[in-house]
Amino acid sequence: MNYKNMLNTVNTVHKKSGKNRVGLFCDMVWCGFKYGTGHRDYDLNEWWTLNKEQRSTYITRGINNSIVTRLNDSSYYHILDNKIHFNEHFSDCLGRKWLNLEVASLEEFEVFMENLESVIAKPIDATCGQGVVKLQKSDFESVSAMYDHIRETRAFLVEEYVVQHPDISKLYPLSVNTLRIVTVTSDDGTPHVLYAFIRMGNGGRVVDNINAGGMAAPIDLETGKIKGVAFDKNYSYYDTHPYTGTPLVGYQIPFWKESCEFALEACKRIPQLRYIGWDVAVTENGPTFIEGNQHPGHDFLQMPPHVPDKIGILPRFRQFVNI
């Protein structure tokens, strides 16, 4: 428990709600014990507005952690946590060249770069888009200098840049805007799509991660259309993309059904991990993987604009797993 952050959250919620700070603090602590609610859950999902029946329908930080612990075998985390291991495990699902510069020689890198003008370089075990950069060959004196730079920054995974579908690029053209498709494998071994949203870059940045300045919007599982406003880390909401002006609500995601099937088939390769957040890029030829996450986020799709009835996503989860 980070008490400083918790007290800051009490002050933030007090300003939003007008409620007494002492009462908010006591309720926040009670919700932590009763529902496993973190102070971020309390603020982001406006728990001060919920009654006890509504609260019991939310996946909280504590509940999400317990689901991960129960459904995912930690000895297999490395397949998703280590980007090299992920690329090796799903090499036929990537649709792009990649190279591990932790072990690859300069000569191998030179061959890799022969027909490429730009690449994406990633730290092998970083999260939330941290350390991910787009590098242009023309920005370096030589391929050798580029090689040395990448190794010095330890962004060892180098990948051919993904060219996304034009309809996805219309949302925001400077990043690869990925679908976060969260799957859960039921007790009988059948994988299901639990929920999904699209992540988009913003503000000139080249990554789409919310924690790196991006935004996200929920997707209707039946139609593949964006079904609600986008949101960012600052709790701001957007019905049009602020960078491109593209209307978001109702926007059709191309290759939607194919993307869902793509993720569901991948579940069968690692049955030891039953609860996964897949990051899927959509190209003109269909879906391709960027990475997978063994600890999917739980809170964003329970934000007030996306749950007008104040019913969280726990009941949907219970359709597939007895928790």
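Colleague: In what order do the four strands of the open sheet lie?

Modeller: First, the basis: this is a predicted model, where local features need pLDDT of at least 70, side-chain atom pairs count only at pLDDT 80 or more, and totals for chains, interfaces and linings use all residues. Residues are numbered from 1 along each chain as its sequence is written, and side-chain values use heavy atoms, with hydrogens and water left out. Strands (E, at least two residues) and helices (H or I, at least four) are DSSP runs numbered from the N terminus, and two strands pair if DSSP finds at least two bridges between them. The pairing in this open sheet is antiparallel, and the order is 1-4-2-3.

Colleague: Which are the edge strands?

Modeller: An edge strand here pairs on one side only. That applies to strand 1 and strand 3 (133–136).

Colleague: Which residue of strand 3 is the bridge partner of serine 118?

Modeller: Strand 2 spans residues 118–122 and pairs with strand 3 in the antiparallel sense, over four bridges. The partner of serine 118 in strand 3 is glutamine 136.

Colleague: At what angle does helix 9 run to strand 3?

Modeller: Helix 9 (residues 143–153) lies across strand 2, strand 3 and strand 4. Axes are lines fitted to C-alpha atoms, for helices over the stretch in contact (heavy atoms within 4.5 Å). Angles run from 0 to 180 degrees between N-to-C directions. For helix 9 and strand 3 the value is about 165°.

Colleague: How many salt bridges are there?

Modeller: The rule asks for a side-chain nitrogen of Lys or Arg within 4 Å of a carboxyl oxygen of Asp or Glu. By this rule, the count is 14.

Colleague: How many residues apart in sequence are the parts that lysine 83 and glutamate 291 tie together?

Modeller: The closest N and O atoms of this salt bridge are 3.5 Å apart. Lysine 83 lies in helix 7 (residues 83–89) and glutamate 291 in strand 11 (residues 286–293), so the pair ties together parts that are 208 residues apart.

Colleague: Is lysine 83 buried or exposed?

Modeller: Buried means under 20% relative accessible area, exposed over 50%, and partly exposed in between (1.4 Å probe, protein chains only). Lysine 83 has 9% relative accessibility, so it counts as buried.

Colleague: How many residues does the largest nonpolar core have?

Modeller: Such a core is a set of buried Ala, Val, Leu, Ile, Met, Phe, Trp, Tyr and Cys residues joined through side-chain atoms within 4.5 Å. Among the residues with the most contacts inside the largest core are Phe90, Trp278 and Phe289. Its size is 59 residues.

Colleague: Why is the pair of phenylalanine 262 and phenylalanine 289 tilted?

Modeller: Rings of Phe, Tyr and Trp (its six-membered ring) pair if their centres lie within 6.5 Å; planes under 30 degrees apart count as stacked, over 60 as edge-to-face and the rest as tilted. Here the centres are 4.4 Å apart and the planes stand at 35°, so the pair is tilted.

Colleague: Where does phenylalanine 300 lie, the partner of phenylalanine 231?

Modeller: This aromatic pair is stacked, with 5.1 Å centre to centre and 25° between the planes. Phenylalanine 231 is in strand 8 (residues 230–232). Phenylalanine 300, 69 residues apart from it, lies in the loop between strand 11 and helix 12 (314–318).
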